[in-house]
Amino acid sequence: MTTLSHCQALDAQDPLAPLRAQFALPEGVIYLDGNSLGARPVASLARAQQVIAQEWGNGLIRSWNSAGWADLSLRLGNRLAPLIGAGEGEVAVTDTTSINLFKVLSAALSVQRERVPARKVIVSEASNFPTDLYIAEGLAELLQQGYTLRLVNSPDELPRAIDQDVAVVMLTHVNYKTGYMYDMHALTALSHECGALSLWDLAHSAGAVPIDLHAAGADYAIGCTYKYLNGGPGSQAFVWVSPALVDLVRQPLSGWFGHTRQFAMESNYAPSAGIARYLCGTQPITSLAMVECGLEIFEQTDMASLRAKSLALTDLFIERVEARCAVHGLKLITPREHARRGSHVSFEHPEGYAVIQALIARGVIGDYREPRIMRFGFTPLYTSFTDVWDAVEILGDILDNTTWDQPQFKVRNSVT
C-alpha cells in the first residue's frame, strides 16, 4: 500500500524536481490542468516586460530587425522541433491550432486531388477534439467537391475505415477525453498502404510524450503550445509538414508572411520554400515571445525522463483513486497500458462536474468534459508525487462527505 511517506521519498529522489521552481505556482493550489493550460514559467514575466518596455517601447518598428521579430516563428520552431522528432527548419510556431489544421488539411487534399482525384473521404474519430471535426466539415463544404467525413467510434474501427476512398486520416495522437494514445507508426503505415495521407494533432502529446514524426513517416502535424509546452493562454500553435510534401502545393491562407519576397510588395503571390509558406499574416509578437520561456525549460531535460515521470505520476494517481475512492463508483476511462496512455487520467462520475467544482474550491484544479468526465493532467516538469497523494485525499474527502452536492457546485460556468 502506497503511503504519504513513500510519495515524499519519490519527490526527494526525483531528478526533475528542481524544475518546479521555474514555474509560478500559487500557494495552496495543486494544479492538475496542465493539459488545458500549462502553468506560467517564472521567466515569462520578465520576458513580457522586455518585449513591451524595451523592444516595443524603445525599439519601436526597429525591433522587427534588431530584436529578431521577423523570424521569431521559425526560430521558435527550431527549438520546438526536437520535442516532436522534426528537423531544423521544418516547424513554424504561428496562428492557432484550428487555423493551422485548415492549412494542412487543405494542402493534403490538394496533394491527393493531383494524385488520385477520386479520393473524397477524411477519416477521423467521433471523439476527436471538436474543433478538428468542425474545421474538416467547414473545409469540405467550402470546397464543394464531394468530400465527406467518416468518423469511427473506437480505435478498433480504424483499420476497417481506412480504404481506397480515403484521402486523409486525421487523428489526435492523444485523445483529449480519455488520454488514449494512438500508435502513430502503425496507423501512419496503414494509411500509406491504402494511399492515404496522415495528419496528426499533437495538442495533447507535444511536451508530454515522446514523438518522432520522421520515424513514424508522418505527413502533416499541428499542435498547440499553451498546454504541456507552457506558452501561455492562447499562445501560438505550431505546424509541421514532411519535407517530401512541403513544397508540392500552396496552402490556402497565402498571407504576406508566407511570400518568398515579402518586402518586394508584389501584387501576385509566390510562396516561400519550406515551412515558411505556412506562415500567413503579421505575427503577434508579445504572445509569441512567451512560448520561448516554456521551451527553454524543456531544453534542461529530455522527453525520456519526462515520459518516465509522467507514467509514474499517472500510475500512482490511478492506484490511489481506486484504493481511496473505491466505494464511490468512479469509472476509469484512461488506458492502463503504458503504450496507450498519454499524460492525463480521466474518471467518470455521475456528478463529475459538481465534483470538479468542489475540488477546485479546495485548491485542486482539474477540469470537466462531457459526458461525466473528470479529467486530470499531469505535467512532469512541475507536478510532484506528493501533489498526487494530497489531491486524491481531498477527492476522497469530498466524495465521502458528499461535499459536491451543493448548489454552488452545480452552476455551469462558461468554461468547464
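Strand β10 (residues 344-348) and strand β13 (residues 373-377) pair in the antiparallel sense over five bridges, where strands are DSSP runs of E with at least two residues and helices are DSSP runs of H or I with at least four residues, both numbered from the N terminus. Two strands are taken to pair if DSSP finds at least two bridges between them. Within this pairing, Val345 stands opposite Phe376 in β13. The model is a predicted one, in which local features need pLDDT of at least 70 and side-chain atom pairs count only at pLDDT 80 or more, while totals for chains, interfaces and linings use all residues. Residues are numbered from 1 along each chain as its sequence is written, and side-chain values use heavy atoms, with hydrogens and water left out.

The two strands belong to an open sheet of four strands, ordered β9-β10-β13-β12 with antiparallel pairing. Its edge strands, each pairing on one side only, are β9 (331-332) and β12 (367-369). Helix α11 (residues 303-324) packs on the sheet and touches β9, β10 and β13, its direction making about 20° with that of β10. Helix α12 (residues 352-361) also packs on the sheet, touching β12 and β13, and its direction makes about 40° with that of β13.

In the loop between β12 and β13 lies Pro371, which a cis peptide bond joins to Glu370, with omega of about -5°. Two other loop residues are set out below.

How many cavities of 30 Å³ or more does the structure hold? There are two of them, a cavity being a set of points, on a 1 Å grid over the protein atoms alone, where a 1.4 Å probe fits but cannot get out, and lining residues having an atom within 4 Å of a point. Grid points are joined across faces, edges and corners, and a volume is the space filled by probe spheres set on the points. The largest cavity has a volume of about 50 Å³, and its lining consists of Arg20, Leu25, Val29, Ile30, Tyr31, Tyr382, Thr383 and Asp387. The second largest cavity holds about 30 Å³ of space, and among its lining residues are Phe317, Leu359 and Phe376. Helix α13 (residues 385-400) gives the most to this second lining, with three residues.

The UniProt record, in an unreviewed entry, places the feature "binding site" at positions including Thr97, Thr131, Trp256 and Thr282; such annotations may be inferred rather than shown by experiment. The annotated residues span 186 residues in sequence and their farthest two C-alpha atoms are 30.4 Å apart, so they do not all gather at one spot. Of these residues, the lining of the largest pocket includes Thr97, Ser98, Asp201 and His204, among others, a pocket being an open set with protein on both sides within 12 Å along at least five of seven lines.

Conventions. Contact means heavy atoms within 4.5 Å. Axes are lines fitted to C-alpha atoms, for helices over the stretch in contact, and angles run from 0 to 180 degrees between N-to-C directions.
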